[in-house]
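Student: Please walk me through this model, one feature at a time.

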Amino acid sequence: MSIGKNIAHDSGASHVTGSSIFIDDRVDSINEVFVGIVTSKIAKGKLLNIKMKRALAHKNCLGVYTSKDLAAKKWGAIFHDQPILVEEDISYFDEACAIIASDDRSKVLEIVKLVELETKEEKPTLTISEARALDDYVYKAPKPFSQGDIKKGFEDSEHILEGEFICGGQEHFYMESQAAVAIPVENGQMQVHASSQHPSETQRVVAEALGVPFHKVVCVVKRMGGGFGGKESQAAPIAAYAAIVASKLNRPTRLILTKDEDMKITGKRHPFENTYKVGFDKDGRILSLKVHLQADAGAYTDLSSSILERAMFHTDGAYYLENCEISGISYRTNNSSNTAYRGFGGPQGNMTIESIIEDIANYLNKDAYEIRRLNIYEGDKTLTPYGQELENNMLPALFDGLYKSCDYQKRLSEIEKFNNLKTGKIRGISMSATKFGIAFTARFLNQGSALVNLQLDATVQASTGATEMGQGVNTKIQQIISHAFGIEPKDIIVMSTSTEKNHNTSPTAASSGSDINGAAALDACNKIKGRLTELVKLIFSGVESDAIIELEIKKGSLDPDIVFENNKVKQLSSGKEIDLKELINSAYFNRISLGGYSHYKTPGLGFCKDRIEGKAFNYYTQGVAVSEVQVCEYTGDLKVLRSDIYMDLGRPLNPGIDKGQVTGAFVQGMGWVTTENLVYADSGELKTYSPTTYKIPNIQDTPRVFNVDFITNNDNECNVHRSKAVGEPPFLLGTSVWTAIKHALSYRADSKQMNLKSPATGEEILTELQRLKNGK
Ligand code: MTE
Ligand code: HPA
Ligand code: MOS
């Protein structure tokens, strides 16, 4: 009924009218207490003493708590290496050292300042090169991804180019800062409302911090005002702070970080500094490639090992690499602990090869598109560097389709003419591609669950393991259920995610929220439908629907002869039909369950990183984008004149929502590679901690002409209703803006070597332009 339709986002109306409830919109509880966080003012050193006297003397202060008040001292998404509150070792500037409680919200920051930290400062490690000099890393890939013979590949190459690709981090800049409300229930039980992509992890970290078994904690997530990966792991300690105070005072608590605090305390996208050596022939065909990825993990492991791996998995981009070696390491520094961010390392890997291709184009003085087209996965060249075959490959059709529809050739020659006029402005055009692997690379996370409860009036309350952060997962699940029962989407509500309804959930991440939880929801519906199908067949065979019969229907099964449509259930062969509501009531009076729970795991996955074999991804979401930019040679000012996006989303469950994801992700990606510049003081303190100094794209920065189109692909049989995941892949297409800048600069290059860093801020553009003009 509603699969493939543009039904409105289930929270659309309440978002625009301001009636959606985020954590801080929850009505105050009686006796509620506010929590604040005291952070370190050095990046590295020892915490010698916490002086609380002045804070405790404040009339609105109810308490100061430290690591001594925690039952578990550490947490961590993969390794438990991160202090919930610093015990002794301070590892980054603005690391949480203590928490305070106040009965007056307006006094929280005042009380925070009254807590004095006595510390002994040590020399921090603030850059990747400093960490490399110390050989201090959180994770090193056990084995490089390699294919063919790179030595021979280089010997066969006419040209060899060596260089670097350097990209910065990125602040998540979600609209809702990290936040939690904790409510002590009875007998040591705690209910936590969190802005978290991972309610189960939040439940566990809270329980461990409190020293209670997991079953005493329930974590509820209604929605987030954005997560973008920043609330996959790092929402958990925030909820623990709220819960600790709630438990100490036996009062409900609320902890809402200010934007400044959030930006200073929480981790960001990983900066990378990658080195490469590429061998190619006179046409630009890549014959050999060696890439070494170096990430800045920040102070703790968090998700850095998985992120480094995903970067390695995406260093091939859309291109077949016959001979290659991709290695990686994630260094430990005294920056805040970097974490998941849309693309999860994929963008940092993918952009490396797109940058290399621009370098080859500049070196050979050729158009980069020709080089891209020459190297893409095509025909029998579909084996990735990690041994997985690229099936259902849409790349050639995407490349050729967009090349034509965006008029690339003509626009390129116009750009050449424009640039020859020497107006003080230079233009560039470039295509970037994405081939994003869909699945958590940690196999165990590829599981989802759903609980579907059919009510007697034929409406549904459903709960799944997925969390809503704006991406529309609830709307997609609504559509899946609507289609299954033949009822209208408005008759289905996807309820808050709660660990008491869906247990041991995976984070809503890796773009697979609707894939795995949607598949579970469909299966849960089918369980109920199977029982209703058995019952309806009995009714159609003559048993009165309100007869008192003893039915032994536990399992039931679907029957293609029985269809659920337009609030009716029909038997195709006999033409008989009954109102769904009547059938549901008959089931209820006959004591047949109207609820369904299902657990789903993505089949066939399993990659072994020690042997580099097995299937890492269920399938790939692919797409291409062409961007045209104009750069001012005197100011470095950038305008994105036009971007065209062409993506394969299989058969989209909701093309409208997907279009929103594509445009949003593109603009977020574009921000990462242009204006979003994180600046730190020598002390390690983040200087760009508010919108006044950290520049995300606004409406004027978006492409003046912006086209989005989807290719038809009905063949993605391995996902629910043949759809494809959309959340992260288009983020990688925003990098076409950066490669287009690089292309523009190449018109003024007297150098064979380009060094443009990301983000290409005005300063960076001017610096690189100067260097290129000087032929250095
Ligand atoms: N869209 C909105 N509006 N807000 C978000 O926080 N997060 C992105 C993406 N789209 C995000 C978003 C990230 S990082 C992921 S992994 C996916 O949504 C997660 O949701 P999904 O798996 O349901 O697509
Ligand atoms: N993607 C996103 N989040 C994750 C992953 C992944 O592959 N693994 C663990 N968390
Ligand atoms: Mo998204 S970075 O996988 O939460």
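Student: Which helix holds N420?
Tutor: Helices are DSSP runs of H or I, at least four residues, numbered from the N terminus. N420 sits in helix 13, residues 408-420.

Student: Is N420 buried or exposed?
Tutor: Buried is under 20% relative accessible area, exposed over 50%, partly exposed in between (1.4 Å probe, protein chains only). N420 counts as exposed because its relative accessibility is 62%.

Student: What should I know about the model itself?
Tutor: It is predicted: local features need pLDDT of at least 70, side-chain atom pairs count only at pLDDT 80 or more, and totals for chains, interfaces and linings use all residues. Residues are numbered from 1 along each chain as written, chains are lettered from A and ligands numbered from 1 in written order, and side-chain values use heavy atoms, without hydrogens and water.

Student: Where are polar contacts to ligand 2?
Tutor: Look for a pair of N or O atoms within 3.5 Å. A polar side-chain atom of E232 is 2.6 Å from a nitrogen atom of ligand 2. For R310, a polar side-chain atom lies 3.2 Å from an oxygen atom of the ligand. T441 places a polar backbone atom 3.3 Å from an oxygen atom of ligand 2.

Student: Which residues come nearest to ligand 1?
Tutor: Of the 19 around it, G227, F228, M469, G513 and Q661. The side chain of Q661 has an N or O atom 2.7 Å from a nitrogen atom of ligand 1.

Note on methods: A polar contact is a pair of N or O atoms within 3.5 Å; within protein, one must be able to donate a hydrogen and the other to accept it, and residues adjacent in sequence count only if both atoms are side-chain atoms. Helices (H or I, at least four residues) and strands (E, at least two) are DSSP runs, numbered from the N terminus. A residue is near a molecule or strand if one of its heavy atoms lies within 4 Å of it.
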